[in-house]
Amino acid sequence: MLGSPRPLAAQIRFWAPCTAAAVVLALALSSPANAADMRLPVKAIPPLPIFSWSGFYIGADVGYAWGRDSTTEYFTATNTLTGLKWDYAPKGAVGGFYAGGNYQSGAMVLGLETDIEMAGIKGGFNDPALGGAGNTKIDWQGSLRGRLGFAAEKAMFYATSGLAVADISHTYNYLVLGNTETTSAVRTGWTAGAGVEVALTQNLLVRAEYRYADFGHYRYNSVVTFPGLTGQQEPTFNTVRVGAAYKF
């Protein structure tokens with residue numbers, strides 16, 4: 001009949017969906033931040049850069065050298081020993097520049113390096129009883145070497161060996177007359193050693209190194225101080241160095 005109220009069941013069916021929709025809308029509006037957080041992607045923390053020893057570098061070093069030399073005397077004409085020999089210990093500071101390159105494969109590092117250093121290495125003997133004196137001096141030295149290293153993250157332990165060169169001079173003095181004779185030449189030999197290098201940053205490397213150098217034996221014929229006599233020299237040196245380099 002017109003104007004009569006709807007049955008109760010019909011009213012429930014009409015209002016129930018409306019009420020549920022209103023509740024869902026209210027909850028969504030009450031926590032917009034939570035909804036936004038669910039939509040934003042989580043940023044991953046970038047991994048730390050892994051250090052590689054591969055690349056070129058240039059650096060500077062300082063160090064100290066000590067060693068031994070001997071002057072063994074021969075008769076020049078007969079190439080026989082006179083029976084006289086003097087041993088002494090040249091020593092002094094060194095310092096210069098080095099440069100090289102490395103290639104890393106796994107933990108193994110292969111490299112090639114060269115260096116040039118100024119040197120203040122000198123030492124000699126004085127024998128007043130026989131009226132003679134002599135000394136050995138090195139003004140500069142250098143090398144060309146291979147390197148084989150083992151990398152443990154930012155530290156590398158390495159061995160090195162190769163060619164050694166040095167400007168070596170020898171002076172003989174006749175104390176009685178005051179005669180002096182100096183002979184000089186660029187000598188070659190071999191060098192070998194080991195060291196440890198540490199990467200403080202991606203570009204800054206520091207190191208500590210020990211090397212041994214042997215220049216063999218060679219002779220000088222005296223023509224001014226002791227005519228008719230020849231001196232044989234046998235210089236060897238130990239050197240410790242510390243250095244710092246920039247890696248490109």
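Biologist: What does arginine 207 touch, not counting residues up to four places away in sequence?

Modeller: Arginine 207 touches Tyr57, Tyr98, Glu113, Arg147, Tyr158, Val196, Glu197, Arg241, Val242 and Gly243. Contact here means heavy atoms within 4.5 Å. This is a predicted model, where local features need pLDDT of at least 70, side-chain atom pairs count only at pLDDT 80 or more, and totals for chains, interfaces and linings use all residues. Residues are numbered from 1 along each chain as its sequence is written, and side-chain values use heavy atoms, with hydrogens and water left out.

Biologist: Why is arginine 207 called buried?

Modeller: Its relative accessibility is 7%. Buried means under 20% relative accessible area, exposed means over 50%, and partly exposed is in between (1.4 Å probe, protein chains only). Therefore arginine 207 counts as buried.

Biologist: What makes arginine 207 and glutamate 113 a polar contact?

Modeller: Their side chains are joined at 2.7 Å. The definition asks for a pair of N or O atoms within 3.5 Å; within protein, one must be able to donate a hydrogen and the other to accept it, and residues adjacent in sequence count only if both atoms are side-chain atoms.

Biologist: How many aromatic pairs does the structure hold?

Modeller: There are 9. In one of them, phenylalanine 51 and tryptophan 53 have ring centres 5.0 Å apart and planes at 85°. Rings of Phe, Tyr and Trp (its six-membered ring) pair if their centres lie within 6.5 Å; planes under 30 degrees apart are stacked, over 60 edge-to-face, the rest tilted. So phenylalanine 51 and tryptophan 53 are edge-to-face. Phenylalanine 51 is buried at 9%, and tryptophan 53 is buried at 1%.

Biologist: Why is the pair of tyrosine 88 and phenylalanine 125 called tilted?

Modeller: The centres are 5.7 Å apart and the planes stand at 35°, so the pair is tilted. Tyrosine 88 is in strand β2 (residues 80–88) and phenylalanine 125 in strand β4 (residues 108–127), 37 residues apart. Strands (E, at least two residues) are DSSP runs, numbered from the N terminus.

Biologist: Why is glycine 228 called partly exposed?

Modeller: Its relative accessibility is 42%, so glycine 228 counts as partly exposed.

Methods
Helices (H or I, at least four residues) and strands (E, at least two) are DSSP runs, numbered from the N terminus.
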